[in-house]
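Student: I have just opened this entry and would like a guided look. Where shall we begin?

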Amino acid sequence: FICQLRDDNGVKVAANDEVMSVLRGRLDERGLTEPLVTKLSNGDVQVVIPGGSRADAARTRKVFEDTGRLEFREVLEDYPYVQLGATDAKVVAKATGGYDFAPDVYHNRGDIVAPKRVDPGFTPTEFLRLGKAELTGKDVKEAHQTLNQGEQAVSITFTAPGATRNEQFTTRLHQTGSFGSNSGTGRLGILFDGVVQSDPRVINPSHEQCSITGHFTQDEIDRLRTSLRAGSLTVVPEVISERFVGATLGAETVQRAMFAMIASFFAIVLFMAVYYRRLGNVANLCLAVTAILIFATLSIFSATITLPGLAGLVLSIGMAVDTNILVFERIREELREQKGLPYAIDRGYDRAFLTILDAHLTTFITALILYYIGSGPVKGFGLTLMVGIAINMFSGIYVGRMLTEWLCRGRETVTMA
């Protein structure tokens, strides 16, 4: 994708670091797709989705269409049954998109008119006159999916300054509504990208939490939650070029990386089988279990495997081998004391556990730091490495011990090179 950025007046503007960061956060909320977001020399934004499909392209376009602007405004007046284009309509559609007041309609400076949410494909007929924005998406600390009276909703937690403004705002609406002086509507308009998602009446003032309800689909809930978490855009992205291309040099590089990983895997299998013999078969089975579980986990979350991801997988396999070598060498030491194979296996796994835990924990912390401070390929590498480390701890300690006891059952000793 190549996108131009335009402000509210339709004037082209250049991308900045904040816009790039928001787009990366929206496109790769969990660090699984590793999008490449770059700024071109003319100020446009180029987005590349590795391994993307037509469905991924459609979802990416929806991300660009959502500026993610969340606003909380006071509802001042209702405009029901508006027929756009009619001579007596109080609302007119703007040529650049959005809506405005008709020339003869009274409104204060700072007021806006916005449509109430309708299903896709339908033209809005209900509009609201709204006051100035009292709260925005910058006041949101966290957003989660929830249920409100059986309907899909997004629960919002405000920041400390936002919670204070929200309490003042809702208190004023409560006092001027039907529960107070009745001088206003007492209703709160919650807008997302210029559309009123809900306009509840304030029964009691709220402080740090509220929820956005409506007849949302799961896809709309995900888009709303992702936009709020990643932040709002101060500009509107306009897609001017979209291409779906197959990999050329990239495919060859990935094939070479896969060949290197598979070749190293079989080389490790051969070495372990020759050097550790029966216990080497345990290590090889653990490697197979580790590889299957890693790929299964990444497949469940539809992760894209790129070169940094492959590097994380190779490192995970190396740590899996190191886990088994530590255990087997401990078992070798115990066998030298002539206390029997079952005792040697128990002592070997018990004495090696703390060393294995220390190595995995320190590497996991490093991968976690890469995941949180990195972006794109660095974030993908950190995530893949964390998944591999967690699975390796399970397969190396629990699966490995089970297989060792099973394969060595009834034997008095095992031979190693």
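Tutor: Let us begin with a charged pair: the side chains of Asp 199 and Lys 116 meet in a salt bridge, at 3.7 Å from N to O. A salt bridge here is a side-chain nitrogen of Lys or Arg within 4 Å of a carboxyl oxygen of Asp or Glu. The model is predicted: local features need pLDDT of at least 70, side-chain atom pairs count only at pLDDT 80 or more, and totals for chains, interfaces and linings use all residues. Residues are numbered from 1 along each chain as its sequence is written, and side-chain values use heavy atoms, with hydrogens and water left out.

Student: Where in the chain do Asp 199 and Lys 116 lie?

Tutor: Asp 199 is in the loop between β13 and β14 (209–213), and Lys 116 is in the loop between β8 and β9 (127–136). The pair links distant parts of the chain, 83 residues apart. Helices (H or I, at least four residues) and strands (E, at least two) are DSSP runs, numbered from the N terminus.

Student: Is Asp 199 buried or exposed?

Tutor: Asp 199 is buried, with a relative accessible area of 17%, while Lys 116 is partly exposed at 24%. Buried means under 20% relative accessible area, exposed over 50%, and partly exposed in between (1.4 Å probe, protein chains only).

Student: Which residues are linked with them in a network of salt bridges?

Tutor: The network links Asp 78, Lys 116, Arg 187 and Asp 199.

Student: How many salt bridges does the structure hold?

Tutor: The structure holds 16 salt bridges. One of them joins Arg 172 to Glu 74, with the closest N and O atoms 3.2 Å apart. Arg 172 lies in helix α3 (residues 160–176) and Glu 74 in strand β5, so this pair ties together parts that are 98 residues apart in sequence. Glu 74 counts as buried at 15% relative accessibility, and Arg 172 counts as partly exposed at 33%.

Student: Which residue stands opposite Glu 74 in β12?

Tutor: Leu 188 stands opposite Glu 74. Five bridges join β5 (residues 70–79) to β12 (residues 188–192), and these strands run antiparallel.

Student: What is the strand order of the open sheet?

Tutor: The order of its five strands is β8-β9-β5-β12-β13, with antiparallel pairing; two strands pair if DSSP finds at least two bridges between them. β8 (112–115) and β13 (195–198) stand at the edges with a single partner strand each, so one side of each has no neighbour in the sheet.

Student: What about the hairpin of β12 and β13?

Tutor: It has two residues between the strands, and Asp 193 takes a positive phi near 55° there. Three bridges join β12 to β13, and Ser 198 in β13 is the bridge partner of Ile 190.

Student: Changing topic, how many residues are in the largest nonpolar core?

Tutor: The largest nonpolar core has 36 residues, and those with the most contacts inside it are Leu 279, Val 327, Phe 328, Ile 331 and Val 414. Such a core is a set of buried Ala, Val, Leu, Ile, Met, Phe, Trp, Tyr and Cys residues joined through side-chain atoms within 4.5 Å.

Student: Which element gives the largest share of this core?

Tutor: The largest share, nine residues, comes from α7. A second, separate core has 18 residues, including Leu 135 and Ile 221.
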